[in-house]
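Here is a friendly walk through one model, meant to be read with the structure open beside you. Please have a look at the fold before reading on.

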Amino acid sequence: MKFIIQEIKTNNQQQTSNIKTMSNINRQSKDFMKSLQLIHFSLLFIIVAFGAYVALNAGDQLFFSYQEDKMFLYMAILISFVGNLSSKYLFAKLLKQIPSDANLSQKSVKYSTAHIFRVAMLEFPALMCIIFVIESNNSFYFILVGILILMILSIYPTKYKFVNDVPLTTKEKSMLENL
């Protein structure tokens, strides 16, 4: 009889521990998405703030031309194109490295890392284009910055994108739906 009571207590303790672990994972998953969104907007804000600073300081010296500064123009387009391609390639490669048998918190950490690299690979060309504006006073490069900003906005991290991009079990999907 003592053995049965001891077995029941052990099972109850394990169930309580599992419930605490599940609620902890749910809280971490919810927090991970909010912190990833905050990082995303912080990186985007850096581009917008730096671009606004340059535009306000340059003021009347800025001009618009795609005929002058061919070297900067070709370099800016090439850097933007390579940044876009490399961000997609690196993101896909890092997502493939997420094991399907890992727990949800490990998957969320790896997804966060992949997303931050993806945004950084788009942020670099945008910052370079702003530096080209500083060097040449040509506001044409702000068009490329705007396109890159729109690309960064289009990859805004959401729970839906996380579920579609990461291999999740049905249990993990149901846990994410309850957030």
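Predicted model: local features only at pLDDT ≥ 70, side-chain atom pairs only at ≥ 80, totals over all residues.

Residues are numbered from 1 along each chain as its sequence is written, and side-chain values use heavy atoms, with hydrogens and water left out.

**Overall make-up**

- The protein has six helices and zero strands, where helices (H or I, at least four residues) and strands (E, at least two) are DSSP runs numbered from the N terminus.
- Of the 179 residues, 36% are buried; buried means under 20% relative accessible area, exposed over 50%, and partly exposed in between, with a 1.4 Å probe and protein chains only.
- Taking contacts (heavy atoms within 4.5 Å) between residues at least 6 apart in sequence, 80% join residues at least 24 apart.

**Confidence**

- The average pLDDT (the predictor's confidence in each residue, from 0 to 100) is 81, and 80% of the residues score at least 70.

**Helix contacts**

- Helix H2 (residues 70–96) and helix H3 (residues 104–136) have axes that come within 8 Å and cross at roughly 175°. That makes H2 roughly antiparallel to H3, a label for angles over 145 degrees, with under 35 counting as roughly parallel, 65 to 115 as roughly perpendicular and the rest as oblique.
- Axes here are lines fitted to C-alpha atoms, for helices over the stretch in contact, and angles run from 0 to 180 degrees between N-to-C directions.
- The contact of H2 with H3 has 18 nonpolar, seven polar and two charged residues; Ala, Val, Leu, Ile, Met, Phe, Trp, Tyr, Cys and Pro count as nonpolar, Asp, Glu, Lys and Arg as charged, and the others, Gly among them, as polar.
- The axes of H2 and H4 come within 10 Å and cross at roughly 5°, so H2 and H4 are roughly parallel to each other.
- On the H2 side of that contact are Phe72, Leu73, Ala76, Ile77, Ser80 and Asn84, which meet Tyr141, Leu144, Leu148 and Met151 in H4. By class, the residues of this contact are eight nonpolar, two polar and no charged.

**Nonpolar cores**

- A nonpolar core is a set of buried Ala, Val, Leu, Ile, Met, Phe, Trp, Tyr and Cys residues joined through side-chain atoms within 4.5 Å. The largest has 24 residues, and those with the most contacts inside it include Ile47, Ala76, Cys129 and Phe132.
- Helix H1 (2–58), H2, H3 and helix H4 (141–154) each give two or more residues to this core, and H3 supplies the largest share, eight residues.
- Another core, of 15 residues, lies apart from it, with Met33, Ile98, Tyr111 and Leu176 among its members.

**Two single residues**

- Met121 lies in helix H3 and is partly exposed, with a relative accessible area of 29%. Beyond its neighbours within four places in sequence, Met121 is in contact with Gly83, Ser86, Ser87 and Leu90.
- Asn137 lies in the loop between H3 and H4, and its phi is near 60°, a positive value in a residue other than glycine.
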